[in-house]
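Please read the numbered points alongside the sequence and the model.

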Amino acid sequence: MQATAARPLDPAQIRALGVLLVAAQLPLVVHLPIWVAAFGLFVAGLRFALLRRDGRLLRTRPARIPSWALALFAVAIALALRKSYGYFVGRDPCVAFLFVLAGIKFLEIRTARDGTLLACLAMFVALTPFFYSQSLLGGLAMLPAIVAAGVALEALARREPGAADPSMRSAWTRSASLIAQGLPIAAGLFLVFPRLATPLWGLPADHAAQSGLSDRMAPGSISELSLSDAVAFRVTFDGPPPRPADRYWRGPVLSLFNGREWRALPPRPGGSLARGDRPVRYAVTLEPDDHRWLFALDLPSSLPVADSGSVASSGPVASLARDLQLVTRAPLTRPLRYVQESILGTRHPVASADELRIDARMPPGNPRAVTFAQALRREHPGDRDYIATVLRWFRDQPFHYTLQPPLLEDHPVDAFLFDTRRGFCEHFASAFVVLLRAAGIPARVVTGYQGGEINPRGGYMIVRQSDAHAWAEAVVDGQWQRFDPTAVVAPSRIERGLYGSVPASDPVPLFARGDSGWINNVQLALDAINYRWRRNVIEFDHDRQRTLWRNWGLDGFPAWQAAAVAMAAVLAWAGAVFAAFAVKRRRGERTVRLWNALCRRLARAGLPRPAWEGPIAYASRAAKRWPQFAIAFGAIGDAYAMLRFGPVSDDERSALVATLARAIEVLPSPAALRATAHT
Amino acid sequence: MTVRPASQTLPTSRRLTAVLQQIAQVVVGKNEPIRLALTCLIARGHLLIEDIPGVGKSTLAQALAAALGLQYARVQFTSDLLPADLLGVSIFDSRSNAFRFHPGPVFRSVVLADEINRAPPKTQSALLEAMEERQVSQDGETRLLPDPFFVIATQNPVEQIGAYPLPESQLDRFMLAIELGYPDASAERDLLAGGDRRPRLESIAAQADAPTLREWQREAASIHVAPALLDYVQALLAASRGHAAGARSERLEGMARRGLSPRAGLMLLAAARAYALIEGRAMVVPEDLQAVFAAVAGHRLAGGARAGAALAQALLRAVPLP
């Protein structure tokens, strides 16, 4: 064993390992800083270059890099990663470190033991892209690495190094077919192998990975978000989806204002569910964003319940805060699918007087806005009248809705209202709430998403980061009511989405354009496939599995019986594969079948072939016995000998098989042969 | 004549057939031994002929050399033959005041070592070493033998008194061992009617020369051997060692003294390739292997061509084709 492990690797083995490593590295490249990706691949390429040089110079000792240099490399890389990321213990820098280390390991492998180690390392590297994305595309990108792993393991298992080096191509075909044979077993185990109700460990996520809306809003934060095509969540509706103007997905509610930036209050429990006769029922699949809030249409009338097929699982996944935010216990690091009901409405009751106290505070700073509001308030003492006047003022003054507002320095609300008048939804919502609060009306900013695109291919709605929006709520007649100043300035934003409402010169993410170009179509089709993949494969958990078993009527059986059935199925498949091999080997190629059939026929005609006799000798014996068929027998002997023992190309092979078949067809039946035998 | 694949019209095959025809004019009724002798020469092996005197051994050797345009030497081995008589000797030349090497008969392309078992072991092994190394080291100087270099040794299996039979390890140096045997009736009649054949040797026209022969040897070495055929060779070797059930009964009869070595397997393949070249095929078929098997395996299995040949035939019939 020791001797085997210490055996040096031959170039073919090193090449196979290198291909495996590169195949494992490539899918990860998109998640790494460019210098890490380039360096890791460079190191692997370096070894290939050394290998080529060894082959050219036929040196007795392979070129090698001293191990102290490699150790130095590793330390330098670790330091560089620390510098590049700002921290070291976390998912991203550690994956990057592994990426480079695997390359360095490849530089120094010498023995079979090193080779096995590198193969394991490469397979782990191949898994790491799933820390970032579990999309179907990611799965497909892993396929080359899986097949390459088979090739590398086969190369490592070769007993005699260098001896009878099998061609690379046949090794690839072999590995691919082995994996294909294993697929049904994997699929069966996927469906029936018992799953844990909770994962043993969570996916490591770095804090840098937060995305989407946050609990703060400063001028520019949402317009920055709007430049992203990334999917925030997907929704399937029971029944028709609401009209575009009603698609307000409520997220963080911001009540605290410091003159420039809005912040959310810590969530306080005690929100009351809305009641209504026609709730909208839908299921949301939320992308992990490392935040604690879930999104629901307007007024939630139920608490969100995790969706796992038809089994209603344990309790709600979030609670309703007083300001109607749905808040989970822990930040979301895995995709979550939940079922939710909402009432479409713009008004809801005030939960507590405490709420009003905070939301009616006089806004700090921005003296011009405060003065303006107070003057306006004196003319319009009624709340409704005042709010309507403010909205009218927004509409009549030359305000512009744009993704590229000018930079606002001190007193941003003042500057926006009276100087620049160019802004995005956060500017309008913020200025609107400031004007209301300055007039003594309790108001607050609500952020979330507005809109969403129906994917006709999957029948579901995609809500992207570019749909991020901010609007306002104010207390009118003792109830919170929604006001959207953006809708007054740019009504098309609400009706037609972002693209229809900003100037054409503004940079808008590709998929927010909403035109029916082929790129958009392809993208929607891909998104539909990915959505199904996620729904049916990634999210296939303990509960979904239980549901499936119930649908199949399997849950009545005790676990051991189910396991026995599964094992039997797996064994049956393995048996079928082996049997197919055995049949193929026994029947051989068509050549051997034809030849064996001929031997049986001639044996019945009175000329059996001894097992040791060669084809040419047998054919010539037959030609002596039946001289009238000498030409046919000559052709048979020649063709079979060529096929069996000759160097034949594929073209020649099929021609020879045809010749063999034709020559055999010429011969009469065994009985006729027997009658005409020449003795 | 058996039916051969269409590839028979290979130019090399035609020329080799012409060589065989030339030899057959002189050595009558011995087609298969002649073919095997030529096979052995093309496979770069050496030939052992076991037979009684007077069946045409030296005629065959001479005819072979003449038909191929090679230099020929005959050495009669006797009990007082010394290595120097064979290899050559350095003699002091008083005029040039230096030793001068006078090459012995082994410096010819075709050497007939007649009745090799009459010479003492020292002389025998000098020849066998030259066969193996294809060079002669004497007085601290190494001299290459001509290429091609082909030794035909003869051994009289009957008169063994006062002889030194070749040990088994030396027998292994010969690629093929054959018998010539008595001519059949018609050939003998022809022989008797035609009188002495020796003068006919003069009439043989050389069909080749040393460079051509070297080219043929290279061509033979590159003939295709299919994996299935390697399986067959392995099965034959295993059967000779008594591993295969079919050969066990033969071993129990005590005929085989030992199994075939891997070297025997290599020589079997080399001989089969040369045989296939003569037959005009671009690949070796089982028939080629079977044609040379008795000659390759006989003397290795039983120490004698005749006893070995019977055993080899039994082995062939015990091992099915793959």
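1. R444(A) is buried, with a relative accessibility of 1%; buried denotes under 20% relative accessible area, exposed over 50%, and partly exposed in between (1.4 Å probe, protein chains only). D359(A) is likewise buried, at 1%. R444(A) and D359(A) form a salt bridge with their closest N and O atoms 3.5 Å apart, a salt bridge being a side-chain nitrogen of Lys or Arg within 4 Å of a carboxyl oxygen of Asp or Glu.

2. This is a predicted model, in which local features need pLDDT of at least 70 and side-chain atom pairs count only at pLDDT 80 or more, whereas totals for chains, interfaces and linings use all residues. Residues are numbered from 1 along each chain as its sequence is written, chains are lettered from A and ligands numbered from 1 in the order in which they are written, and side-chain values use heavy atoms, without hydrogens and water.

3. In chain B, R74(B) and D114(B) form a salt bridge at 2.8 Å between the closest N and O atoms. R74(B) lies in strand 2 (residues 72–76) and D114(B) in strand 5 (residues 110–114), 40 residues apart; helices (H or I, at least four residues) and strands (E, at least two) are DSSP runs, numbered from the N terminus. R74(B) is partly exposed at 44%, whereas D114(B) is buried at 9%.

4. Salt bridges with shared partners join R250(A), D359(A), R437(A), R444(A) and E473(A) into one network. Over all chains, the structure holds 33 salt bridges.
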